[in-house]
Amino acid sequence: MAFAQTLELFSRKRGTYTSGPYESITAYRLFRKGGQMMSDFLLKRPLYGLLAGAALMTACASTPQDAPNSGDSTGSSAGNVPITIPSIPPFESSGNASMDTWRDDFAARAMAAGRDPAIVHATLRNISPLDLYLGEDASVAKTDIADQAEFAKPIWDYVASAVTEGRKTRGADRLSELVATFDRIEAAYGVDREAITAIWAMETNLGSYIGNFDAANTLANMAVEGRRQRLAENELTALMKLQERGDVSREDLISGWAGAMGQTQFMPSTFLTYAVDFDGDGKKDLWNSAPDALASAANYLRASGYQKDQPWGVEVLAPNEFDWSLADGEDRRLATWMSYGISPIAGGPFTAPETAYAELWLPTGATGPKYLLFKNFDVFKTYNRSDSYAFSVGLLTDGVLGQTGPIAVWPKELEQLTRRDVMVLQSNLNRLGFDAGAVDGIAGRGTKGALRRFQKANDISPADGYPTSIALEQVLDAS
Ligand SMILES: [Ca+2]
């Protein structure tokens, strides 16, 4: 549904627009105008549009929540204990006053927390403002308003760009070339080689693109930019500890634009906790040593709960009249799903034990591909929280074995909602008492769950929670 139609529906039904994220219809129109200007701006600056989009996904390995917090020692609260801060030579100006101020403050806090002064100085000496974080254009691209008129990228587009024939073929080639290394890695960490290869393919195209940023500089820019200051400072602290420990040298620290390093894109804190020297040369070299990078990824996946020889997901069929509201994110035993008539679309038996837990996932509702997702899908999400990312890793895991998925056809004919439409949907579901969570224009699991409950309560079939224009109209009709 076009936005104008949505708005008109709204005006017709409500008389006036008062329940959405905007105070009034005038405010909404002004907002819309601003959004259009922002879209025009981004169209003229495709790089920043891409970066703004990319920033929505944390495309790097982050430390699992149950892992020790390695960056806790340079918090801004120094307390009342008198401390002697070692002195270091003054920094030359970076050319950016905010950056200079932040650096002096952070360096003092780092040293107060016990970091080696020489390493603090070496880490921060050559930082300089990057347009990506601190340029004038970046401040505009950063505003969340920018893409609210845009359609979210459909999952089939994400999958098409991530799960390519080239990645599958080259992944299979690398698996053959490194068979002895993967034998050792599987034995040591209990993680399937195909899953490691799939992550490797997703993160750096199997080591062919590891980024060309200086990790310290990109993290310093992130800290100065401000929205993720605490995270960036924690990661900088981890970078300093890595150097103190002798794991890396200052000149090694090449990263992607968000500070993730090496062939499997480890953030410094993840590197600190999970990187291993697997080729035995005495150095944890995630940039140049595939054995080190792959074993480190395996170590991280194991710590995240990876279950060897278990599927990440299985594409399934369901019987007619199946209750799609069971795709509610709840884990149920495979035996339970089988008793509901769920079976592998490819035929044959399930490869997982009947006691294994899985959730039913409908990425595009009842008319698209359907999956049972097992524990390893969640493990992939510790690398990157996006369902689309984990799904692509899973498809590549199968793909390097020559399998193709999904078998079912994506329902590309269903009209997608813009981010603003999704916000209207969310605010109305919330008002009707179906908690969709924050009105953010992103149709995540919370929104889909609320829509599913709304559909179920109103006897709408299928109650699959897939946010289409039809579903939006149904919600507005009930308003
Ligand atoms: Ca090594």
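Two strands are taken to pair if DSSP finds at least two bridges between them, and helices (H or I, at least four residues) and strands (E, at least two) are DSSP runs numbered from the N terminus. Three bridges join β3 to strand β7 (residues 371-373), and these two strands run antiparallel. The structure is a predicted model, in which local features need a pLDDT of at least 70 and side-chain atom pairs count only at pLDDT 80 or more, while totals for chains, interfaces and linings use all residues. Residues are numbered from 1 along each chain as its sequence is written.

The protein chain has 21 helices and seven strands. The average pLDDT, which is the predictor's confidence in each residue on a scale from 0 to 100, is 85 for the protein chain, and 79% of the residues score at least 70. Over residues 1-60, however, the pLDDT is below 50, and beyond near neighbours in sequence this stretch has 78 contacts in the model, a contact being a pair of residues whose C-beta atoms, placed from the backbone, lie within 7 Å. The pLDDT also stays under 50 over residues 62-78, for which the model has 33 contacts beyond four places in sequence. Where pLDDT is low, the predicted coordinates should not be read in detail.

A residue is counted as buried if 20 or more other C-beta atoms lie within 10 Å of its own, as exposed if 12 or fewer do, and as partly exposed in between, with C-beta atoms placed from the backbone. By this criterion, buried residues make up 44% of the 479 residues in the protein chain. Among contacts between residues at least 6 apart in sequence, 72% join residues at least 24 apart.

Strands β3 and β7 belong to an open sheet of five strands, arranged in the order β4-β6-β7-β3-β5 with antiparallel pairing. The edge strands are β4 (332-333) and β5 (343-344), each of which pairs on one side only.

Twelve of the 16 residues of α13 are buried, so the helix is largely enclosed by the rest of the structure. The buried residues include Glu233, Asn234, Glu235, Lys241 and Gln243, together with Leu236, Leu239, Met240 and Leu242. Among the elements that cover the buried residues of α13 are α4 (97-112), α5 (117-124), α12 (215-225) and α14 (268-274). Just after α13, glycine 246 takes a positive phi of about 85°.

Helix α9 (residues 165-177) has 13 residues and reaches 18 Å from its first C-alpha to its last, close to the 18 Å expected. The buried residues of α9 are Arg167, Lys168, Gly171 and Arg174. These residues cover an arc of only 130° around the axis, which puts them on the same side of α9, the arc being that of the directions from the helix axis to the C-beta atoms. On the other side of α9, Glu165, Gly166, Asp173, Ser176 and Glu177 are exposed. The cover over the buried residues of α9 includes α11 (193-204) and α18 (387-399).

Several loops contain backbone features of note. The peptide bond from glycine 405 to proline 406 is cis, with omega near -10°, and proline 406 is found in the loop between α18 and α19 (419-431). A cis peptide bond also joins serine 461 and proline 462, with omega about 0°, and proline 462 is found in the loop between α20 (445-457) and α21 (469-477). Leucine 206, in the loop between α11 and β1 (213-214), has a phi near 65°, a positive value in a residue other than glycine, and is partly exposed, with 18 other C-beta atoms within 10 Å. Aspartate 309, which is found in the loop between α15 (290-303) and β3, likewise has a positive phi near 65°, and with 9 C-beta neighbours inside 10 Å it counts as exposed.

Definitions and conventions: Expected span 1.5 Å × (residues − 1). Contact = placed C-beta atoms within 7 Å.
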